[in-house]
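Please keep the structure in view while reading.

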Amino acid sequence: MNAIRQTEPERQHRSTSTPLEMSFVREFLSCASDAEIEELLDGLSENALRSISYLFELWAIEGHQVAPEGDWNNWMIMGGRGAGKTRAGAEWVRGLVEGPTPDVPGACRRIALIGETYDQARDVMVLGDSGLIACCPPDRKPRWIASRRVLVWPNGAEAQVFSASDPEAMRGPQFDGAWCDELAKWKKGQHAWDMLQFALRLGDDPRCVVTTTPAPGALFEEVLGEEGTVVTQAATSANTANLAPGFLKAVTKRYGGTALGRQELDGELIKDLPGALWPRDRIEAARVPEAPELERIVVAVDPPVTGREDSDACGIVVAGLHREGDSWKAVLLADLSVEAASPLTWAKAAIAARDDWSADRVVAEVNQGGDLVENLLRQVDRNVSYRGVHASRSKQARAEPVAALYEQGRVLHAGSFPALEDEMAAMLRSGYSGRGSPDRLDALVWAVTDLMQDAEAVVNRPQVRGL
């Protein structure tokens, strides 16, 4: 690398650089050799070295923390916890208010900062580790005036803090930019958002950035769907380098694949559909960390009509029967469904599931295949304990009794099963609202139905099987 060499006195600044500044440089140059890094560092002035950590364009996560180009009114940064949303919002505001030198005005001079409460806006957006004061270099660092709830930059730009719980406070002030944090949590969201729209009346192109973990809500979904809204999205894992060691592994192990984890870690919008047989909170209430002792286990199969590449999946679900006092509970153990599989492939997968879980029986729907389903399974294992079931009612009609068992707390999920649970959440009283066919759900319905129908027959079984 070509760099201007400096004399030894000029290189003394390296000993006064902070560890954070040095780590920024080394992270940015991670693709360079040690010798190249040393040569570059030796050629930087003290001012240049200290400036690198404040050049956010070098460290921003592309596609998530960088403002999209084009004509837009609202930029929604949607992400999981710790994905870097706050830093992105603060840097966007900083880019608006800073000029080429500390005293020169930037593109905007009046910014609204709106959090769920005054305290949260102050502690996160202004004073937080990724807030505005922390992100600004020393010669451009704004001053916080607590009595006025205002942040003032050396060039005269101001950012005024508001609470979404006090929308009327936005009557009167006017702004040429705004940053809204955790919009999905605002308790008086619609009123606060409306007041902000009337206040964004300064400058040539007043815009708003929204940083939030998604959550179902009328205002959030309204802003998300507006024509002038652009969206960037990232999971918590996108910002692993800036998270505590072990944090992501721990929370992923505990919450990965659950509705809460998909919302809080993956930044997905998880919401209930009107008339859903399985609301998301009911699915979450059924979840247990591990399976209890089981009396018996079945593998349920919902075969596809064909084995082409574009055919439906073959639903394969493993479930067990747990006795709790005088009552019985079905326990979902595994979703081993296979996509676009040939008949022999899914038959082998079903028998493998039986072997892996030491299941007592394979249950399969025979509406589409008739005797062919049993023949395929017996090609793999001619001695398989098998029961064919015939669907005489619609999918939703068959699902309703099983949904009622969930409502009674009589079905448990030993772990998380995102694809299957998405199908459950999309099954409405009026029919299935998801894509394709709910093959995983059909298999679950057959498994639970089979287990609960035979529950009384195993009351007197002396042995208890543990996993």
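## Aromatic pairs

A search of the whole structure finds 4 aromatic pairs, where rings of Phe, Tyr and Trp (its six-membered ring) pair if their centres lie within 6.5 Å, and where planes under 30 degrees apart count as stacked, over 60 as edge-to-face and the rest as tilted. One of these pairs is formed by Trp72 and Trp92, whose ring centres are 6.4 Å apart with the planes at 40°, so this pair is tilted. Trp72 lies in the loop between helix 4 (56-59) and strand 1 (74-79), while Trp92 lies in helix 5 (residues 85-97), so the pair ties together parts that are 20 residues apart in sequence. Helices (H or I, at least four residues) and strands (E, at least two) are DSSP runs, numbered from the N terminus. Trp72 counts as buried because its relative accessibility is 2%, and Trp92 counts as buried because its value is 11%; buried means under 20% relative accessible area, exposed over 50%, and partly exposed in between (1.4 Å probe, protein chains only).

Phe162 and Phe175 form an edge-to-face pair, with 5.6 Å from centre to centre and 85° between the planes. Phe162 lies in strand 5 (residues 158-163) and Phe175 in the loop between strand 5 and strand 6 (177-181), so this pair ties together parts that are 13 residues apart in sequence. Both Phe162 and Phe175 are buried. Ring pairs also link Trp72, Trp75 and Trp92 into a cluster.

## How to read the model

This is a predicted model, in which local features need pLDDT of at least 70 and side-chain atom pairs count only at pLDDT 80 or more, whereas totals for chains, interfaces and linings use all residues. Residues are numbered from 1 along each chain as its sequence is written, and side-chain values use heavy atoms, with hydrogens and water left out.

The protein has 17 helices and 17 strands, and buried residues make up 49% of its 467 residues.

## Charges over rings

The charged end of Arg149 sits over the ring of Tyr118, 3.6 Å from its centre; a charge sits over a ring if NZ of Lys or CZ of Arg is within 6 Å of the ring centre and within 35 degrees of the ring normal. Arg207 lies over the face of Trp72, at 4.2 Å from the ring centre.

Helix 17 (residues 439-453) is mostly covered, as 13 of its 15 residues are buried.

An open sheet of 7 strands has the order 9-15-12-11-10-13-14, with mixed pairing, and two strands pair if DSSP finds at least two bridges between them. Its edge strands, strand 9 (287-288) and strand 14 (386-389), each pair on one side only.

Strand 15 (residues 411-414) is covered on both faces, with Val411 and His413 buried on one side and Leu412 and Ala414 buried on the other. Strand 15 runs parallel to strand 9, joined by 2 bridges, and also parallel to strand 12, joined by 3 bridges. Val288 stands opposite Ala414, whereas Ala330 stands opposite Val411.

Conventions. Expected span 1.5 Å × (residues − 1).
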